[in-house]
Amino acid sequence: TAMVDHNENERTTSALPPTDDDKTPTSPLGRSLRRNALKKAGSDYIFTASSLANLEEGSLCEDPFKELTFILPKLNICILVVGTHGDVLPFCSLANELQNTGHRVRLASHEVHRKTVTSRNIEFYPLAGDPKQLSEWTVQTGGNLAGELKAGVADPSVLKAKDSMLKDICKSCWGAVAGLDPLSPYYESFGRETVAPFVADAVIANPPCIGHIHVCEALAIPLHIMFPQPWYYGTKAFPHPFSGMSYDESQIGKGNYASYMMFEGVLSTGLGHFINSWRAKQLHLPKVPENMMFANPIVDCNIPFSAMWSPSFVPKPEDWPGQCRVVGTFTESKVGGENAAPTVDTKTFAHLIEWMGKGDPPVFIGFGSMVIKDTEALSRIIKAAAKESNTRIVVQSSWSKLDVSGEGGGGQLCHNVGPVSHDWLLPQCCAVIHHGEWKGYDEFHRRRKRILQLFLSYKSPGGAGTTAAGLRYGLPTLVCPFFGDQFMWGEMVSRAGVGPKPCPINLLTTELLVQKLRELTSPTIKEAAVNLSERMKSEDGVMTALEHFWHALPVDSMVCSIGLIMGKSLLAKYRISPGKNFFQRSRSTFITVSQEVASVLAAENKTRRFVMGKFVEEVTKDGFTPYGTTTYALRHRGGYESFWKGMCASWMELLWWFFKILFLVFSVPDNFAKKYGAFGCIFGLVVWPFHLVHAVFMMFTVFIDRQGVSIANRFFGKQWLYFIDTSAVAKVYRDMSTLSSGKPISNVYVKQIKEARLLAIDARDIFDYCGPSFPKEHWHWHEVDVETLAATVNTVSHSKFSKEELKILVARLEWAKTCRKRISFNRFCLFIGEAVKDRFTRHSSGRHTI
């Protein structure tokens, strides 16, 4: 999970100043200034130790302390996106900004998007699945659970095909975060013939990936969800977009909140068995109990969620937790700069340009990729409404052809148009009517040759941000929803006062359209739309999302402890136990080190052992172990967060094992028969009693373990993942790096690493003496009370620190008391690095290769 703040003023994982999640995330800074505020990944620290050393006792000045915070190390960031062209584009903008701050970024999506991604100089990995087919299925089912059920009953083969595709997408997530692109020659577009192996250090994903949280648990890396629809986190403000419930404001209540649990429960019921099998066979993770208590691991693990819509339009719901934030619509800079005027092919659109200049600004009507059953009827309704209300209307056709030309009816007031640059057309209109859909990407900041591709969206096809674009241009809006979250955006338009109540497309009549056209010209609605437009223009969704991602990362557990003491931001890849012998080492006592630091320590700590007639060099002293930055433990989450839920979950697991035992006499021979035929069936009948004994043993082991964990955590203040059953903890961390860096490292730098290691060991002793424990929100790192730590540093004699260094360290800890109650070991190392910075500011000379 991402780190959850202990109080409103505490942002312990960011190099940026604190932000208020409950306010509109606008900034007076331009994009370039906000980008500069994000420190370059892996930069050295600029400590203020000299000014702290001159502080008089008790005269704490705030200014010297402000800039000391973590700098993000260089990361391999994988962005998982399931969807179509319009879904991928927002994350391309985000990927480019991440690259600008020094990270390596891979965007994984369907193969059809490879060119879109690689043309923006972003690494690509192909996920399984056909986005167009997924969208067509969503159109057929109406984008809700009831429609899915009806479609499955009507044609089970479609449900089977959809289920198969979702499973393939889920499985392909593993290769995306820890594999090589099977079509690696495409990497030549980056100007290099070979590419280093990619293992993700962090993941950004949209919800349809499904497998995101599981691959992150296997790699022990942080996850961040970004999506232009409400998902996972329940709210009373509006229901889950896939629930099929009403978005009317009068329906606000607990039913909306429950719809999120309902959707995740249905999804878990359908895919839970497959996910457990995939976790066990490919990811080597423990299975998750298949019941409602474990159906929403994103919420159970407090995974950060960035809602990709305008907070000026739909603010963050009051009942959303702190890790959720409405960041804004993702935009891309205009070609030619922000002030570049939009253009259009005057030859191709000569008739449209002539028609636009002959009267008042028209109303824009477009339904994107929506499949309209009776286009002729809708065309007649539009023409008749135009005539009766004397309104000029420009109608854009896409998948469904709408013809409003001709002399009859309101033909002279209407004009047809196909694909055209919206950033040229919409500013010349007075209002917009569309199906209502909000992408996380506002493509109208840039001309697109294939604009129709932007109209397609997985889970909510169409629109390509028409809602966002129309409101950004200050245009009153009418939504005629077809299904899914389109009803939500229609209701939100009405709540914001920038348009009339939505009218579902199947209920639209000439009379209703005339009424809605007249409402769109209301001065009150126009004024509200203009005011909203001004607020939206001050937002920068990409930069705000980047800041949210930065703030939410668990940097306390991601950085090298020894590097922090040396004033460097290095990514932790290994951990070493500082104890002098086996009995002094514990699972909670370790120091995190980067690959660079590990290579130095490994080279210095090799021993020779006589094996099979020859001497073999091996690393023995520090006990290097691959290190993961997060502990999600989905096997334990959800059902064991409180005593009574733990009791209930343990009994449910006991019943699950009981029924499994009852069917072993059938399941064991059947499984062997499927693999080996009749002989396998006979063999299964012979060995099933052994499976029975094992299952009975596991049933009672699991029951005792879960009961023990619940009692220990509730009544004895423990934070245990398991009592006797270690299968609750993921044992696999996929680390493809080696201890040898192969880089030239100066002799001075080697000495500094050794010196910093001794300081880190001393710091670990002090930290452990203060009784570290996990925070309530996660199991990523241990923390100690700041006051206890400060008192310990003051009272214990430290041969490793000079009086001046000790004075600086104490001053920093006294300051820390004013803004936080507890700190992590790595933050303590950062404070030590500030105190001893003069030891590590010497220039390096004399290099050798590790």
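**Salt bridges**

How many salt bridges does the count come to? The count comes to 23 salt bridges, where a salt bridge is a side-chain nitrogen of Lys or Arg within 4 Å of a carboxyl oxygen of Asp or Glu. The structure is a predicted model, in which local features need pLDDT of at least 70 and side-chain atom pairs count only at pLDDT 80 or more, while totals for chains, interfaces and linings use all residues. Residues are numbered from 1 along each chain as its sequence is written, and side-chain values use heavy atoms, with hydrogens and water left out.

One of the salt bridges joins the side chains of Glu653 and Arg706, at 3.4 Å from N to O. Glu653 belongs to helix α21 and Arg706 to helix α22, so this pair ties together parts that are 53 residues apart in sequence. Helices here are DSSP runs (H or I, at least four residues), numbered from the N terminus.

**A nonpolar surface patch**

Leu655, Phe658, Phe659, Leu662, Phe663 and Phe666 make a nonpolar surface patch of about 650 Å². Patch residues have over 30% relative accessible area and no salt bridge, and nonpolar side chains (Val, Leu, Ile, Met, Phe, Trp, Tyr) are joined within 5 Å. Accessible areas come from the Shrake-Rupley method with a 1.4 Å probe; for residues, only the protein chains shown count as cover.

Helix α21 (residues 643-662) gives the most to this patch, with four residues. Phe663 is placed in the loop between α21 and α22 (664-715).

**Helices α8 and α9**

The axes of helix α8 (residues 212-219) and helix α9 (residues 254-283) come within 11 Å and cross at roughly 30°. Axes are lines fitted to C-alpha atoms, for helices over the stretch in contact, and angles run from 0 to 180 degrees between N-to-C directions. The two helices, α8 and α9, are therefore roughly parallel to each other (angles under 35 degrees count as roughly parallel, over 145 as roughly antiparallel, 65 to 115 as roughly perpendicular and the rest as oblique).

On the α8 side, His214, Val215, Glu217 and Ala218 meet Ile275, Trp278, Arg279 and Leu283 of α9.

**Helices α24 and α25**

Helix α24 (residues 786-795) packs with helix α25 (residues 803-816) at an angle of about 160°, their axes being 9 Å apart. This makes α24 roughly antiparallel to α25.

**Helices α3 and α18**

Helix α3 (residues 85-100) and helix α18 (residues 541-552) have axes 10 Å apart and pack at an angle of about 60°. Helices α3 and α18 are therefore oblique to each other. Their contact includes Ser93 and Leu94 of α3, together with Val542 and Met543 of α18.

Conventions:
Patches are made of residues with over 30% relative accessible area and no salt bridge: like charges are joined within 9 Å, nonpolar side chains (Val, Leu, Ile, Met, Phe, Trp, Tyr) within 5 Å. Contact means heavy atoms within 4.5 Å.
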